Amino acid sequence: MDLREQWIETELEELRRAQRFRRAVTPPPGLLNFSSNDYLNLAQHPDVIAAAERALHAAGAGATASRLVSGTLPLHEELEARLARLKGYPAALLFGSGYLANLGILGALVGRGDTVFADRLAHASLMDAALLSRAELCRFRHNDTQHLDELLQKHSGAGRKLVVTESVFSMDGDVAPLPELAAVAERHGALLLVDEAHATGVFGPGGSGLIREHQLESKVNLSMGTLSKALGGYGGFVACSTAMRALLINRARAFIYTTAPPPAAVGAALGALDVLEKNPGWGAELLRHAAAFRDQLRAAGFDVMQSASQIIPIQVGANARALEVADKLRAAGLLAIAIRPPTVPEGTARLRLSITRAHSETDLARALDIIRSVCAV
Ligand SMILES: *Cc1c(COP(=O)(O)O)cnc(C)c1O
């Protein structure tokens with residue numbers, strides 16, 4: 001072994017001992033998959049695939065340059081206009097991924113001397129973005145607008161303020177109190193970014209998200225989302241004002257210094273938006289199925305935390321227990337991933353179940369049976 005890499009084995013051993021070792025997962029065929037973010041099953045939709053194919057053949061495999069050099073294709077601007085319309089904002093800007101969108105946005109808006117106020121459970125991409133921006137990072141208690149209010153009060157000095165949260169939390173499946181958060185941010189003159197990664201396509205009129213559901217477009221400065229969850233493809237974006245878009249184009253390094261998204265990905269997203277437009281009730285239908293399934297789990301005595309979405313955690317606590325249950329579920333034919341720290345707080349390891357359109361009533365009934373029998377022993 002290369003002596004320079006010896007320390008790696010030691011670190012890996014520590015991870016294994018703490019039951020924190022992770023591996024890349026390919027879903028085995030034939031399993032009931034409860035771990036996909038493809039909530040509307042658009043990744044395999046024939047219209048989405050056809051739209052990706054058309055864009056691929058018309059514009060090629062790659063965008064060939066960054067957006068500011070010569071990589072901007074009419075397709076990019078068409079998709080941005082469509083996303084702006086879906087989200088109810090004047091403009092939108094595409095990024096390579098949701099992770100890059102958050103990195104780019106925070107870096108463009110705040111720096112030394114500024115403060116980011118982040119919900120304690122906000123996604124790693126938002127935390128990384130805050131750290132990279134060099135702004136001070138203040139975390140408020142999960143969904144606690146009063147705590148946010150106090151922190152904003154304490155930091156009423158100079159410097160720009162930016163509040164960041166998710167609308168549907170990725171590992172808890174609960175929902176942020178957006179109207180209250182927006183009121184608090186506005187009262188303190190703080191910008192507000194809401195990450196709608198898990199709400200886009202599912203919540204709100206026609207899958208437009210929770211900002212639109214609450215008619216908060218004029219109060220939430222940045223409506224961030226991803227093409228990679230319910231839209232079934234790949235890429236990230238933010239909907240915002242035209243001035244904000246122009247600023248991001250000039251300042252967001254994760255936008256400027258990377259190649260523009262490839263035509264096939266842009267085409268897939270346009271195809272997904274078409275399907276969504278033709279089926280505006282799909283999100284609500286999915287949420288009804290998820291609510292019924294959640295009620296059954298709760299009635300069977302499981303701790304589904306504060307879930308109010310298509311994401312339903314079953315909290316088990318210890319890492320080892322979460323891994324054991326996940327293994328047994330898999331052996332019984334159900335794929336649900338054990339989510340452990342550092343993704344979630346210590347002692348709150350859980351199975352994260354996500355419900356998709358592909359789950360029939362029979363699938364959900366079978367899943368409930370499997371979960372009950374595995375967890376009973
Ligand atoms: C998945 C996710 C992202 C990152 O989006 P990608 O397009 O997968 O990079 C950002 N925020 C939240 C809340 C997410 O769940």
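Me: Which residue does Glu-80 form a salt bridge with?
Reply: Arg-67, with the closest N and O atoms 3.0 Å apart; a salt bridge here is a side-chain nitrogen of Lys or Arg within 4 Å of a carboxyl oxygen of Asp or Glu. Glu-80 sits in helix H4 (residues 74-87) and Arg-67 in helix H3 (residues 67-71), 13 residues apart. Helices are DSSP runs (H or I, at least four residues), numbered from the N terminus.

Me: And where do the numbers come from?
Reply: This is a predicted model, where local features need pLDDT of at least 70 and side-chain atom pairs pLDDT 80 or more, while totals for chains, interfaces and linings use all residues. Residues count from 1 along each chain as its sequence is written, and side-chain values use heavy atoms, without hydrogens or water.

Me: Is Glu-80 buried or exposed?
Reply: Buried, at 3% relative accessibility; the cut-off is under 20% relative accessible area, with exposed over 50% and partly exposed in between (1.4 Å probe, protein chains only). Arg-67 is buried too, at 8%.

Me: What does Arg-245 do with Glu-80?
Reply: Their side chains meet in a salt bridge, 2.7 Å from N to O. Arg-245 is in helix H10 (residues 242-251) and Glu-80 in helix H4, so the pair ties together parts 165 residues apart in sequence.

Me: How many salt bridges by this rule?
Reply: The count is 19. Another of them pairs Arg-141 with Asp-144 at 3.3 Å, N to O. Arg-141 is partly exposed at 40%, and Asp-144 is partly exposed at 21%.

Technical notes
Helix = DSSP H or I, 4+ residues; strand = E, 2+ residues; numbered from the N terminus.
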